[in-house]
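Welcome! Open your viewer, get the selection tool ready, and let's take a walk through this model together.

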Amino acid sequence: MSPDPQLKPLRPADADRYPRSGRAAGQEATLVRVGAAVFGGQRLVVAAGPCAVEPSGSLLATAAAVRDAGATLLRAGAYKPRTSPYDFQGLGREGLALLAEARDATGLPVVTEVLDPRDVEAVAAVADMLQIGSRSVQNVPLLREVGRSGKPVLLKRGMMTTVHEWLSAAEYVLSAGGRDLVLCERGIRTFEDATRNTLDLNTVVLLKQRTHLPVIVDPSHACGDANLVAALCRAAVAAGADGLLVEVHVDPLLALSDGDQSLDPAAFRAAMTACRAVAAAVGREI
Ligand code: PEP
Ligand code: MN
């Protein structure tokens, strides 16, 4: 996509602070390719799937459902950064094998989280894109290790990170050798506790002006409530996001993590249909 005509040049201080992620006046947006999915172009990328790869074997059914509804990336966690150590922690290596199986069955490339620098090699051997989760955004050894892996990186915003801290995390990945990086706004913690987090669309618009990197939105973790997700997807598309990350489960009531915010396949399909109309209104496609 061409630069926004409203784009203001980076302030000199920003050009120094963000030499790899900052967007100079007139600079084209960067495209990040993950299999057939291309972030940053006219067509939005939708990454969808269950929060976690689960032992129930439901991943294949969810993966097929999200592909049929228009998702172009499968997203599910084998390593889960849960708040409590007593909650389901993910299937680890076994989960990676199930992700590889789901990719083979559906043809969808896979994005999955890596939590520990010691696991980067094993996760990178399976994943098409590595996710750095909210809780890891300032884990410097991890950022460097995923940068060195050469894999495309999906860098979530920390729930408490400022734009400066987030872009500095991107600089750690890019200065360690990473070339392909996508930013993902997933809500920040504010005084408001009626929703899980607060979706910060200001920052999506700001980052589209200040960086050349693709920016996507995860409404699922931003609100924590399946009833709000579809409307926030539409808002994100209208605001100029380059894609969406949506949690979908074949049976959200049975999900081992984040069931409250997971859409079932029918709701996901309806959300995608509504997003297509909004995308068309802003000159994009899904
Ligand atoms: C996730 O993507 O499942 C996740 C744990 O998200 P976040 O890091 O944004 O909390
Ligand atoms: Mn989740």
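Predicted model: local features only at pLDDT ≥ 70, side-chain atom pairs only at ≥ 80, totals over all residues.

Residues are numbered from 1 along each chain as its sequence is written, chains are lettered from A and ligands numbered from 1 in the order in which they are written, and side-chain values use heavy atoms, leaving out hydrogens and water.

**Select the whole chain.** In cartoon view you can look for 10 helices and 10 strands (DSSP runs: H or I of at least four residues for helices, E of at least two for strands, numbered from the N terminus). The C-alpha atoms fill a box of roughly 55 × 45 × 40 Å along the principal axes. Buried residues (under 20% relative accessible area, 1.4 Å probe, protein chains only) make up 55% of the 286 residues.

**Select ligand 1.** Which residues surround ligand 1? Show those with a heavy atom within 4 Å: among them are Cys51, Arg75, Lys156, His221 and Glu247. Next, display distances between an oxygen atom of the ligand and a side-chain N or O atom: 2.4 Å for Arg75, 2.9 Å for Lys156 and 3.3 Å for Glu247.

**Select Asp258.** This residue sits in the loop between β10 (243-247) and α10 (265-281). Most residues other than glycine have a negative phi.

Terms used:
Polar contact = N/O pair within 3.5 Å; in protein donor to acceptor, adjacent residues only side chain to side chain. Buried < 20%, exposed > 50% of the residue type's maximum accessible area, 1.4 Å probe, protein only.
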